[in-house]
There are 2 protein chains.
Amino acid sequence: MTTPAPHTVSAQDRPASDARHRVVIVGGGFGGLETAKRLKGAGVDITLVDQRNHHIFQPLLYQVATASLATSEVAWPIRGVLRGQEGVRVLLGTVTGVDAAGRRVLLADGDSLPYDTLVLATGARHAYFGHDEWEEAAPGLKTIEDATLLRRRILLAFERAEREPDPARRAALLTFVVVGGGPTGVEMAGTIAELAHDTLAPEFRAIDTRKARVLLIEAGPRLLGGYHESLSAYAQAELERLGVEVALGQPVTECTREHVVYGDTTLPARTMIWAAGVRASPAAEWLGAPADRAGRLRVEPDLTVPGHPEIFAIGDTVSVARPDGSPVPGIAPAAKQGGAHVAATIRARLAGRPAPRFAYRHQGSLAQIGKRRAVIDFGRIRLRGALAWWIWGIAHIFFLIGMRARLAVAVNWLWIHTRNQRSARLITQGAPDEASPGPGTTLRADAA
Amino acid sequence: MTTPAPHTVSAQDRPASDARHRVVIVGGGFGGLETAKRLKGAGVDITLVDQRNHHIFQPLLYQVATASLATSEVAWPIRGVLRGQEGVRVLLGTVTGVDAAGRRVLLADGDSLPYDTLVLATGARHAYFGHDEWEEAAPGLKTIEDATLLRRRILLAFERAEREPDPARRAALLTFVVVGGGPTGVEMAGTIAELAHDTLAPEFRAIDTRKARVLLIEAGPRLLGGYHESLSAYAQAELERLGVEVALGQPVTECTREHVVYGDTTLPARTMIWAAGVRASPAAEWLGAPADRAGRLRVEPDLTVPGHPEIFAIGDTVSVARPDGSPVPGIAPAAKQGGAHVAATIRARLAGRPAPRFAYRHQGSLAQIGKRRAVIDFGRIRLRGALAWWIWGIAHIFFLIGMRARLAVAVNWLWIHTRNQRSARLITQGAPDEASPGPGTTLRADAA
């Protein structure tokens, strides 16, 4: 793929009124927010539009799902983050398409946003390998609502089990299944095991929460498939030490609210979490651009959309290769680096300078395993154990937004680390028709 | 009303197996939780059942609604609070009635809980003076879900206003109405004004949030009707200084999602909050016991249900008079004192001692007005201003449960006090069919 000729903003491109260059950013996640922040002082008008009012710190979302952190500790209002940055406008809205010829972003209510440069940073959703019907039984973890739904299901399972007289039903209620052995699945499984076996153990009387089963199912031959083999083995050993059962090489073939089928096994289980597959946002469809099998928009090496140098796409919604041919991973640091590159390119164009090259620098793969251990794969250097956990913790706190958030999360982790107490254990927002597990255990769910 | 003869647990009352005395407590609010905690070590078996898994610190719920505190900072899992207390069983369940003859509490799913002593601490709900249809337009503030719904509506109003081209619609979106001039209404109105005029002002560009109107409507002649007149006047002056408009002596006669009618005025407003009337839980109906007009169960001076010395009722769900004839108020300290009295009475009965008398001690009426002022009515001593605010703050932090919660709330208040930054500003859990304010402003709400 040849490098496209540098694109500078020519006199014809600029709006006739010689107004400022208009950048529209779709998505307030890591990529979009980084783009906006890095354009500070660049003299452009930025409009950032997102369908939610808050930025989500996705790496810690699983801690909301496991009742370790509060929702507002991992999400911040986008307006608050960009507060005071001159030239920035934040809008709450849903993008339904892009009119590339007319250079407008189309919104759900019929409004449109004109742009000179467009940045699509719309992220990814979960994929169920053609079985979208599994989503209701095994939700994923991408939004605050996902996290509070999972939290609700996990905590309700224990509450129902406490009142359930039938041993087989009780066992199913106390069986938790995580599908997908990547970092998210590993982190969820370890934390659910600790929640069940440590935090909740003294609080129930009819059930022994230490007997709760936590199962992590991975279709491939090892956990953390993209990490060094030694770290995969360590992660598995540590999870098993925490009481997690690990099933490798066994893809899930069926998944309902009552059971999961993997390999030859049919397991009754009432709580399932999906961490096994992602697909991109519809950005590629909006532009009719080439996409890979997961729907990721295939961008040029400089992150522009083929044939549209004025449109960038970054983060989880794109597919772009590193010089050695390997794909840039769909992780937060990659999105941030993409955002930084886009901002630098826009500045260069406005100044008439050649644009910098985009070179993704992998800073390491991290995964927490329970509250005391982690693995970090820096490539040539690999860390595991308690040291890795401290680095993992410091890195995550560092990347949180704002000192207040850092203090709050640090205090929460201190409490969990030292006392096993998880304080964000609220069951909220239940659907009135949430299926009861059967007579003897109906619970009135909270009104939505 | 004569004092009933002391009721001790006789040999006939005790279950034949000489098992421990069984206390069932319905409700995990201030009254129920205090009863359970004060029975520690009394040698009784306690079952506490609530339809939610968490205890709500209601005095600070309005701060969740105004995005100042996170949900998990004002609510704690009941199991966690009673963790480790011997003989306590906590169940999540919905009570539908009481079989007083058979001494059983009836649950929604058909289960029942036998008791030797029953404690009903089921609280209150909002009342709409015969207009229950107003509830959808003007929700109250009793549960976590109430608080996040109000938070959502308040924050969405600003987001919609930012994109609304029509000036009249924009004005309606930027008009917030609180109905009811008691402490809750005063606290809500002052905090919404600060949120609009201070916190959000730098974050919106198309609208000037300092122009948002906050209206507090009270049917009676003054705010804080139960407080000394000088404090009512001070509260009104302070609210007006914060930009709240106060309408006195004007009951609301109509209330929809689009407007409110009070006195002679019809005001287009899109966000309304109800803080004007309460009615008791159905406890009196469950027992066929005498009740007042708000449904509160009329208990004996020792908080037992007439004709049922083995059944106590406490807190917001009861009506009981003080020796001077004035009613014990429906506030948290009164519920806690009731719970303490019930526990002391149960202990006395088991020991064969006469039961203590119940004497409600009013410890003061407090109300915060914005982030820097408060009023406190101790009766003979009255405080106002910054000193009152500090005492208010310390008192509330003191009564929170647990050091972690105290730290978290203190840090949050420090941030609000010094920087005007409110961090719990998340719009979550929208209904997909939430009514749009019209073309040009449709927002895709988050999937529930």
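**Exercise 1.** Which backbone oxygen does the side chain of B:Q368 reach? Work out its surroundings too.

*Ground rules.* This is a predicted model, where local features need pLDDT of at least 70, side-chain atom pairs count only at pLDDT 80 or more, and totals for chains, interfaces and linings use all residues. Residues are numbered from 1 along each chain as its sequence is written, chains are lettered from A and ligands numbered from 1 in the order in which they are written, and side-chain values use heavy atoms, with hydrogens and water left out.

*Solution.* 
- Step 1: the side chain of B:Q368 gets to the backbone oxygen of B:G370 at 3.1 Å.
- Step 2: B:Q368 sits in strand β23 (residues 365–369) of chain B; helices (H or I, at least four residues) and strands (E, at least two) are DSSP runs, numbered from the N terminus.
- Step 3: check accessibility. B:Q368 has a relative accessible area of 5%, so it is buried (buried is under 20% relative accessible area, exposed over 50%, partly exposed in between, with a 1.4 Å probe and protein chains only).
- Step 4: look for a side-chain partner.
- Step 5: list contacts (heavy atoms within 4.5 Å). Leaving aside neighbours within four places in sequence, B:Q368 touches several residues, among them B:Y62, B:R373, B:W389 and B:W392.

**Exercise 2.** Describe the interface of chain A and chain B.

*Solution.* 
- Step 1: count the residues. Chain A puts 62 residues into the contact and chain B 61 residues.
- Step 2: get the area. About 5,500 Å² is buried between the two chains, with carbon and sulfur atoms giving 51%. Buried area is the accessible area (1.4 Å probe) that two parts lose on being put together, summed over both. In chain A, the residues losing the most area to chain B are A:R79, A:R83 and A:R404, together 14% of what that side buries.
- Step 3: tally the pairs. Chain A and chain B share eight salt bridges, a salt bridge being a side-chain nitrogen of Lys or Arg within 4 Å of a carboxyl oxygen of Asp or Glu. One salt bridge joins A:R163 and B:D109 at 2.6 Å, N to O.
- Step 4: find the main supplier. α4(A) gives eight residues, the largest share of the side of chain A that touches chain B.

**Exercise 3.** Is B:E34 buried or exposed, and what does its side chain pair with?

*Solution.* 
- Step 1: at 11% relative accessibility, B:E34 counts as buried.
- Step 2: B:E34 forms a salt bridge with B:R38, with the closest N and O atoms 2.9 Å apart.
- Step 3: the two are four residues apart in helix α1 (residues 30–38) of chain B, so about one helical turn separates them.
- Step 4: B:R38, at a relative accessible area of 46%, is partly exposed.

**Exercise 4.** Where does A:G338 sit, and what does it touch?

*Solution.* 
- Step 1: A:G338 belongs to helix α9 (residues 332–351) of chain A.
- Step 2: its relative accessible area is 2%, so A:G338 is buried.
- Step 3: not counting residues up to four places away in sequence, A:G338 touches A:L303, A:I314 and A:F358.

Note on methods: A polar contact is a pair of N or O atoms within 3.5 Å; within protein, one must be able to donate a hydrogen and the other to accept it, and residues adjacent in sequence count only if both atoms are side-chain atoms.
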